[in-house]
Amino acid sequence: MATVTYLEAIRQALWEEMERDERVFMLGQDIGTYGGAFRVTAGFLEKFGPQRIVDTPISESAMIGCAIGASMMGMLPVVEMQFIDFISCAFNQIINFAAPNRYRWGQPVPIVVRGPSGGNVHGSAFHSQNPESYFHHTPGLKIVAPGTVADAYGLLKAAIRDPNPVLYFEHKYLYRRIKEELPEAPEAPEAPEDSGLVPIGKARLAREGRDLSVITYGAMLHVALEAAGRLEADGIDLEVLDLRTLKPLDQEAILATVRKTSRVIVLTEEQITGSVAGEVAARIAQHAFEWLDGPVHRLCCPDTPVPFSPTLEEAYLPNVDKLVAQVRELASY
Amino acid sequence: MAKQTKSWGPLHPQAAEQETERLAKTGLPRERQLDLYRFMKLNRMAEERLGNLYRQGKVVGGLYSSRGQEATSVGSAYALEPQDVVGPLIRNLGTMFVRGVQPREVMMQYMAKSDSPTGGKDANTHFGDLSRGLVAPISMLGAVIPVMVGIALAGQRQGKDLVTLTYIGDGGTSTGDFHEGLNLAAVLNVPFVLIVENNGWAYSTPTSRQMRIRDIATRAAAYGIPGEVVDGNDVLAVYEATKRAVERARRGGGPSLIEAKTFRMKGHAEHDDAGYVPKEQFEVWKKKDPIERFERHLLGNGLATEDELRAIVAEIDTGLNAEVDFALASPMPPPERAFEGVYEPAPEGVSV
């Protein structure tokens, strides 16, 4: 067993999928010689060559359009957004070309678009965003957002093997901050190909508890777990559900934890209005209303752009203190 | 809408002054030239049938005509090989026919029928079929360009000997995807051909309001690729120019841009009477009608007799009767279909 970082898990998943299946190739800016802005693809050009590690001009729309076309021909493109904020430049290709294509004329579009999302690294307005809710609205897409090393690895492999367009939002705050053991790459040809694969569409109970549920994903998972530790002293036992996949939502798992604890906070790093958290809250209100002992809370970012200065960004982002305060408030409701 | 009368002069005046009778030189044998004629005539006659269906209230939504532009679609598509992949736009019905699409498929699409290629899920020419080398475009112009670049890239990687081709209008060249897509094609040096159909009008906006350049083909220089202006109403010229570009691409010479100067003889869609287009422009271009010019060429050069052309037309006409009947007989799609087919089922054990 090897201990790897979140970033190394992404890198390992890409590497193994490219080794396993020659249809997999990558498009991105500075992913070749430079090895990517975060070094995710360092060494890939040497190993897989320029035919499969394709450096592109600064043209997010054309990069994703190009991936869509290649996928129609049976290839499995993985497009790196240098920062996920720039995915907005390719909005039309994702929303209008990739997402409805199978529905419109039967042609699947098995592409993966991945890139670093999220804040808390003082990246300011255009290198800190969480754009998932723009895409959450769109039928035909799948969206995953891993919060652990194992999920970063397993969800990326699942995304590459999924025959639909999958947006993979990795969290740059976690890149080098968390480490876990991963299964060694399967060496023998008879080794199970799905070793470590994480199914898309399944949430994971990250912590079992009795009193109150926090439903979250990405870097906020770690905020929830830390808050849970702190609240133990108060005798409040938090349950933490890691969504892992945002689209399709694991509604069963969401409702199950609500039925168990009857109090719920949806914790995400999005601006609050029109957020994925809002959708989770709406489903709880509609399908588990009679199980609730208090209002469904959302702890998200305020409706402002992501601010730059550390004091401002700290005020903007949810954190352990803010969560603990909300938990206490809801627990005493 | 206020009518513009005298303010726009004839478009492409140079072309208008040209001798319109003489068509481009070609080595195409007689039989294949008659093929071109058949496809252009089918293009126009099928659209006339669609016009009838529209006036009978059978068409759901808008109807888009390529009247006057048939030579551009047919001549370019005819230069492709079976393994090539093409992304036709709304005014490229002729391209679809050359690729083997049957008129009934398009009629059922326009009438939103159950047996249409998309089963009623999408409209008009918005359907694709990779087994026939056809990609469905989206309405956002330019978007299909990078997609065709990706298909060309995949073809290259997979060792397939294929070239991709798509179209854009004069208005569509103002989009970001036109630039991004063409530039990416050039940088990757993929086998791709872009036909710019300069038909003078983007809905009601004249070319002069889209750009300050006279020839869109000059834009090719910005990408370091060959650009060529061709008479879009000369089916042989379009065929020959496309053939050169396709062959160059197939040899590894990279992408090309061809500007076909032509004219939209109707409004943007059937509801639009094109009152904003000065009448003199229609008059100039009516004389350059691509089908009539080609008929004069075929007759004048002894490639066909009037009886032979009449026989072709009669055959198309009879065939279209059957196509219309078939399309009309198809039911509307069952409502539950609206909820089906958003996701491709995942392989076992991978996904939901």
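This is a predicted model: local features need pLDDT of at least 70, side-chain atom pairs count only at pLDDT 80 or more; totals for chains, interfaces and linings use all residues.
Biologist: How many helices and strands does chain A have, and what is its radius of gyration?

Modeller: Chain A has 11 helices and 14 strands. Because the globule rule gives 20 Å for 333 residues, and the value for chain A is close to that, chain A is as compact as a globular protein of that length. The C-alpha trace of chain A spans about 60 × 40 × 40 Å along its principal axes, and the radius of gyration of chain A is 20 Å.

Biologist: What percentage of the contacts in chain A with a separation of 6 or more is accounted for by residues 24 or more positions apart?

Modeller: Of the 333 residues of chain A, 56% count as buried. As for the contacts in chain A with a separation of 6 or more, the share that comes from residues 24 or more positions apart is 79%.

Biologist: How does chain B look by the same kind of description, and which radius of gyration does chain B have?

Modeller: Chain B has 12 helices and 7 strands, and its C-alpha trace spans about 65 × 50 × 50 Å along the principal axes. Buried residues make up 53% of its 352 residues, while residues 24 or more positions apart account for 76% of the contacts in chain B with a separation of 6 or more. A compact globule with 352 residues would have a radius of gyration near 20 Å, so there is agreement with the value for chain B, which is 20 Å.

Biologist: Which element gives the largest share of the side of chain A that touches chain B?

Modeller: The contact takes 37 residues from chain A and 41 residues from chain B. On the side of chain A, the elements that give two or more residues are helix 3 (60–72), helix 4 (91–105) and helix 6 (149–161). By class, that side has 19 nonpolar, 13 polar and 5 charged residues. The largest share, 9 residues, comes from helix 3 of chain A.

Biologist: Are helix 3 and helix 4 of chain A roughly parallel or roughly antiparallel to each other?

Modeller: The axes of helix 3 and helix 4 of chain A come within 8 Å and cross at roughly 20°, and the crossing is right-handed. The contact is made by S61(A), I64(A), G65(A) and I68(A) of helix 3 and N92(A), Q93(A), I94(A), F97(A) and A98(A) of helix 4; by class it has 5 nonpolar, 4 polar and no charged residues. Since angles under 35 degrees count as roughly parallel, the two helices of chain A are therefore roughly parallel.

Biologist: Where is H122(A), and what is the value of its phi?

Modeller: H122(A) is in the loop between strand 5 (112–117) and helix 5 (132–136) of chain A. Because 15 other C-beta atoms lie within 10 Å, H122(A) is partly exposed. Its phi is positive, in a residue other than glycine, with a value near 55°.

Biologist: What distance separates the C-alpha atoms of E22(A) and R52(A)?

Modeller: E22(A) lies in the loop between helix 1 (6–20) and strand 2 (24–28) of chain A, and with 13 other C-beta atoms within 10 Å E22(A) is partly exposed. E22(A) and R52(A) are 30 residues apart along the chain, and the separation of their C-alpha atoms is 8.7 Å.

Methods. Residues are numbered from 1 along each chain as its sequence is written. Chains are lettered from A and ligands numbered from 1 in the order in which they are written. Helices (H or I, at least four residues) and strands (E, at least two) are DSSP runs, numbered from the N terminus. The radius of gyration is taken over C-alpha atoms; the globule rule is 2.2 Å times the number of residues to the power 0.38. A residue is buried if 20 or more other C-beta atoms lie within 10 Å of its own, exposed if 12 or fewer, and partly exposed in between; C-beta atoms are placed from the backbone. Two residues are in contact if their C-beta atoms, placed from the backbone, lie within 7 Å. Ala, Val, Leu, Ile, Met, Phe, Trp, Tyr, Cys and Pro count as nonpolar, Asp, Glu, Lys and Arg as charged, and the others, Gly among them, as polar. Axes are lines fitted to C-alpha atoms, for helices over the stretch in contact, and angles run from 0 to 180 degrees between N-to-C directions. Angles under 35 degrees count as roughly parallel, over 145 as roughly antiparallel, 65 to 115 as roughly perpendicular and the rest as oblique. A crossing is left-handed if the near helix is turned anticlockwise from the far one by less than a right angle, and right-handed if clockwise.
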